[in-house]
Amino acid sequence: MSVRVELQIKAHCIETEAKNELKRITDSFFSGESQMSDICKRKIELLTQFLNDIDFKELRASDERLSGIRESTVILSRGYDGRIDIDIYPPKPKE
């Protein structure tokens, strides 16, 4: 089963948002709030690999939507080759 992590990029870059999401998921996992521990573990692994392996200076320079200049929704997932896929979409509409 594939795992995906959705990041809302607005006031800061993708690196900061990934760190914030990792903290949120980790806190939820260890506090026992999460009923889906296997999914949380895989999201933690995905975000940890992303934060450790990516050249964020280069990534931010590649697209304004990843630097936080323009709002966007970013989906991180693991490709068939084990590498992390990054898909960028327009921001989600405000509810």
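For these notes I take a nonpolar core to be a set of buried Ala, Val, Leu, Ile, Met, Phe, Trp, Tyr and Cys residues joined through side-chain atoms within 4.5 Å. The model I am reading is a predicted one.

**Core.** I looked up the largest nonpolar core, which has 20 residues, and found that Leu-7, Ile-14, Leu-47, Phe-50, Val-74 and Leu-76 touch the most other members. The largest share is that of H2, with six residues. As background, I keep in mind that nonpolar side chains in soluble globular proteins tend to be buried together.

**Fold and dimensions.** I read the order of elements along the sequence as β-α-α-α-α-β-β, with four helices and three strands in the protein. The radius of gyration is 13 Å, which agrees with the value near 12 Å that a compact globule of 95 residues would have. Along the principal axes, the C-alpha atoms fill a box of roughly 35 × 35 × 20 Å. Of the contacts with a separation of 6 or more, I found that 56% are accounted for by residues 24 or more positions apart.

**Surface and charge.** Buried residues make up 35% of the 95 residues, while the protein exposes about 6,400 Å², of which carbon and sulfur atoms supply 49%. I counted charged side chains as well: there are 16 positive and 18 negative ones, and the centres of the two sets lie 2 Å apart.

**Two exposed positions.** I looked up Ala-11, which sits in the loop between E1 and H1, and it counts as exposed because its relative accessibility is 75%, where the cut-off is over 50%. The C-alpha atom of Ala-11 is separated by 9.2 Å from that of Ser-67, although the two residues are 56 residues apart along the chain. Pro-93 lies in the segment after strand E3 (84-89), and at 71% relative accessibility Pro-93 counts as exposed. For the pair Pro-93 and Phe-29, 64 residues apart along the chain, I noted a C-alpha separation of 28 Å.

Methods: Residues are numbered from 1 along each chain as its sequence is written. This is a predicted model: local features need pLDDT of at least 70, side-chain atom pairs count only at pLDDT 80 or more; totals for chains, interfaces and linings use all residues. Side-chain values use heavy atoms; hydrogens and water are left out. Buried means under 20% relative accessible area, exposed over 50%, partly exposed in between (1.4 Å probe, protein chains only). The radius of gyration is taken over C-alpha atoms; the globule rule is 2.2 Å times the number of residues to the power 0.38. Contact means heavy atoms within 4.5 Å. Accessible areas come from the Shrake-Rupley method with a 1.4 Å probe; for residues, only the protein chains shown count as cover. Lys and Arg count as positive and Asp and Glu as negative; His and the chain ends are not counted. The place of a charge is taken as NZ of Lys, CZ of Arg, CG of Asp or CD of Glu.
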